[in-house]
Amino acid sequence: QVQLVQSGGGLVQAGGSLRLSCAASGRTFSSDAVAWFRQAPGKEHEFVSAVNWSGGRTYYADSVKGRFTISRDNAESTVYLQMNNLKSEDTAVYYCAAAPGYSGNYVAPRTPQEYNTWGQGTQVTVSL
């Protein structure tokens with residue numbers, strides 16, 4: 001079973017940038033769709049971005065479109081989330097998640113229920 005280990009995150013001023021990484025181990029996840037979700041205090045998981053198995057299709061929440069970029073390197077079994085022009089409302093714990101069985105599919109789901117493997121979460125705090 002794949003395990004996801006996240007890195008990156010931290011404290012940044014509004015307008016700054018951060019990059020999150022999500023590295024898979026245990027098995028290749030090159031056939032998985034991978035997504036990033038975030039959870040602010042008192043709120044449910046919110047979809048941020050997703051990438052299909054090949055990296056050829058990417059999806060974004062409207063709130064981050066134009067500021068965040070998701071990418072994947074299947075040779076390195078790693079997915080990245082580059083976050084630019086960060087805003088205070090981006091403050092949350094960010095989770096990567098993998099959904100197996102999407103090889104050959106352009107789809108990457110937006111709902112957390114579709115994902116069965118999750119990273120440990122990493123805090124992103126954006127100060128004014």
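Guide: A residue is called buried when its relative accessible area is under 20%, exposed when it is over 50%, and partly exposed in between, with a 1.4 Å probe and protein chains only. The structure shown is a predicted model, in which local features need pLDDT of at least 70, side-chain atom pairs count only at pLDDT 80 or more, and totals for chains, interfaces and linings use all residues. Residues are numbered from 1 along each chain as its sequence is written, and side-chain values use heavy atoms, with hydrogens and water left out.

Visitor: Is D32 buried or exposed?

Guide: D32 sits in the loop between β3 and β4; strands (E, at least two residues) and helices (H or I, at least four) are DSSP runs numbered from the N terminus. Beyond residues up to four places away in sequence, D32 touches several others, including R27, W53, R72 and Y102, where contact means heavy atoms within 4.5 Å. Because its relative accessible area is 0%, D32 counts as buried.

Visitor: How many residues of strand β4 are buried?

Guide: Strand β4 covers residues 33-39 and is mostly covered. Of its seven residues, the number buried is six.

Visitor: Which residue in β9 is the bridge partner of Q39?

Guide: Strands pair if DSSP finds at least two bridges between them. Within β9, the bridge partner of Q39 is V93.

Visitor: Which residue in the turn of the hairpin of β4 and β5 has a positive phi?

Guide: β4 and β5 (residues 46-51) run antiparallel and are joined by five bridges, with V34 standing opposite V51. The two strands form a hairpin with six residues between them. A positive phi of about 75° in the turn belongs to G42.

Visitor: How far apart are the sulfur atoms of C22 and C96?

Guide: A search of the whole structure finds one disulfide, a term for a pair of cysteine sulfur atoms within 2.5 Å. That disulfide is formed by C22 and C96. It links distant parts of the chain, C22 in strand β3 (residues 18-25) and C96 in strand β9, 74 residues apart. The distance between the two sulfur atoms is 2.1 Å.

Visitor: What is the relative accessible area of C96?

Guide: The link of C22 and C96 is right-handed, with 70° about the S-S bond. C22 is buried, because its relative accessible area is 0%. C96 is buried too, with a relative accessible area of 0%.

Visitor: Which strands stand at the edges of the open sheet?

Guide: Four strands form this open sheet, in the order β1-β3-β8-β7, with antiparallel pairing. An edge strand here has a single partner strand, so one side is left without a neighbour in the sheet; this holds for β1 (3-7) and β7 (68-73).

Visitor: Which residue in β8 is the bridge partner of A23?

Guide: β3 is joined to β1 by five bridges in an antiparallel run, and in that pairing V5 stands opposite A23. β3 also pairs with β8 (residues 78-83) in the antiparallel sense, over six bridges. In β8, the bridge partner of A23 is T78.

Visitor: Which residues make up the covered face of β1?

Guide: In a regular strand the side chains alternate between the two faces of the sheet. The uncovered face of β1 holds Q3, V5 and S7. Its covered face holds L4 and Q6.

Visitor: What is the relative accessibility of N85?

Guide: Most residues other than glycine have a negative phi. N85, in the loop between β8 and β9, has a positive phi of about 50° although it is not a glycine. N85 counts as partly exposed because its relative accessibility is 42%.

Visitor: Is S77 buried or exposed?

Guide: S77 lies in the loop between β7 and β8. Although S77 is not a glycine, its phi is positive, about 50°. Because its relative accessible area is 15%, S77 is buried.
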